[in-house]
Amino acid sequence: MTQKMADVGAKAALVVTPCYYKGGMNNTALINHYTKVADTSPIPVILYSVPGNTAIDLAPEVIIKLSEHKNIIGLKDSGGDIGKLGSLVYATQKNDFQILAGSASFLFPAYAVGCVGGVLGLANVLGKACCDLEQLYKDGKMEEAKQLQHRLIAPNMAVTKRFGVPGLKVAMEWFGYYGGPTRSPLQPIGQPDIDIIRNVFKSNGFLD
C-alpha cells in the first residue's frame with residue numbers, strides 16, 4: 001500500500017497499528033511489522049498510535065526502538081498522554097525522528113513538551129485556529145496560546161469523540177469546505193445533534 005501511495009505522489013505514509021488480532025499484537029509483533037513496512041516502503045513512514053480506535057497503544061519501548069530506523073521519521077500519537085509524549089521527545093532526540101500530537105485537544109501542551117506539530121481532525125474545520133496556536137507558541141505568547149487551546153477543546157471533542165466523522169463533515173460545510181456524504185456503515189447525524197455541534201462552535205467563538 002505504501003508503494004501505491006508513493007506512485008500517486010505521497011511524500012510519506014502514516015501507518016496505523018495493525019489491530020484485528022489484538023491478542024497477538026505484542027511489542028515484538030509490532031516492531032517486526034513496522035520494520036518490514038519501513039524496509040520496503042519507498043517513502044518515509046510515520047507511526048500512528050490511535051488507541052481510541054484500535055485499542056492498541058504503541059509502547060514507548062517500541063517507538064524508541066523503531067525511531068532508530070532510517071525510514072521511520074516520526075510518530076502521530078492520539079492517546080493524549082502528555083507525559084508519554086514528553087518522554088518520547090527526550091528519548092528519541094538523537095534520532096532523525098519527530099513527535100506529532102494527534103488531537104487538537106492537547107496541541108498546546110504537546111508543544112510545551114517538545115512536539116513539533118500535529119495531525120488534527122479539527123484542522124479540517126478550524127485549520128487557521130490550529131495554525132494560530134502554533135504561531136502564538138512560537139512567538140512566546142503563552143497566555144494567548146493557552147486561551148486559544150481552551151477554546152479548541154470543546155469543538156474538537158464534538159467532531160471527534162462525541163459525533164465523529166459525521167459531525168466533522170457537517171461542520172466543514174459551515175466553514176465553506178466540502179464535507180460530503182457520510183459513508184456507510186456510519187450514519188449521518190440528525191438535526192438535534194447538528195444543533196448541539198453548532199452551539200459548541202458558537203459558544204467558543206468560532207461561529208456567529
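Me: A salt bridge is a side-chain nitrogen of Lys or Arg within 4 Å of a carboxyl oxygen of Asp or Glu; how many salt bridges does the count come to by this rule?

Reply: The structure is a predicted model, in which local features need pLDDT of at least 70 and side-chain atom pairs count only at pLDDT 80 or more, while totals for chains, interfaces and linings use all residues. Residues are numbered from 1 along each chain as its sequence is written, and side-chain values use heavy atoms, with hydrogens and water left out. By the rule you quote, the count comes to 6 salt bridges.

Me: Which residue forms a salt bridge with D77, and how far apart are the closest N and O atoms?

Reply: D77 is bridged to K84, with 3.3 Å between the closest N and O atoms, and both residues are buried (under 20% relative accessible area; exposed is over 50%, and partly exposed lies in between, with a 1.4 Å probe and protein chains only). K84 also forms a salt bridge with D57, where the closest N and O atoms are 2.7 Å apart. Because K84 lies in helix α5 (residues 82-91) and D57 in the loop between α3 and α4, this pair ties together parts that are 27 residues apart in sequence; helices (H or I, at least four residues) and strands (E, at least two) are DSSP runs numbered from the N terminus. K84 counts as buried at 8% relative accessibility, whereas D57 is partly exposed at 42%.

Me: Which helix holds both K128 and D132?

Reply: Both lie in helix α7 (residues 123-138), 4 residues apart, which is about one turn of the helix. K128 forms a salt bridge with D132, the closest N and O atoms being 2.9 Å apart. K128 is exposed, with a relative accessible area of 63%, and D132 is partly exposed at 31%. Elsewhere, salt bridges that share partners join D57, D77 and K84 into one network.

Me: In what order do the strands form the open sheet?

Reply: Strands of a sheet pair through backbone hydrogen bonds, either parallel or antiparallel. Here 5 strands form an open sheet in the order β1-β2-β3-β4-β5, and the pairing is parallel; two strands are said to pair if DSSP finds at least two bridges between them. The edge strands, each pairing on one side only, are β1 (13-16) and β5 (117-118). Between β1 and strand β2 (residues 45-49) the parallel pairing runs over 4 bridges; V16 has Y48 of β2 as its bridge partner, and V15 stands opposite L47 in β2.

Me: Which residues point one way from β2, and which the other way?

Reply: In a regular strand the side chains alternate between the two faces of the sheet. From β2, V45, L47 and S49 point one way and I46 and Y48 the other, and all are buried. Since 5 of the 5 residues of β2 are buried, the strand is largely enclosed by the rest of the structure. S49, with a relative accessible area of 0%, is in contact (heavy atoms within 4.5 Å) with residues including D57, D77 and K84, leaving aside its neighbours within four places in sequence.

Me: Which strands does helix α2 lie across?

Reply: Helix α2 (residues 27-40) lies across β1, β2 and β3 (72-77), and runs at about 155 degrees to β2; axes are lines fitted to C-alpha atoms, for helices over the stretch in contact, and angles run from 0 to 180 degrees between N-to-C directions. In the loop between β1 and α2 sits P18, which counts as partly exposed at 23% relative accessibility. Beyond its neighbours within four places in sequence, P18 is in contact with M25, L30, H33 and I56.

Me: Which residue has a positive phi although it is not a glycine, and which peptide bond is cis?

Reply: Most residues other than glycine have a negative phi, and most peptide bonds are trans. A55 has a positive phi of about 65 degrees; A55 lies in the loop between α3 (51-54) and α4 (60-66) and counts as exposed at 59% relative accessibility. The peptide bond from S184 to P185 is cis, with omega near 15 degrees, and P185 is placed in the loop between α9 (164-174) and α10 (191-203).
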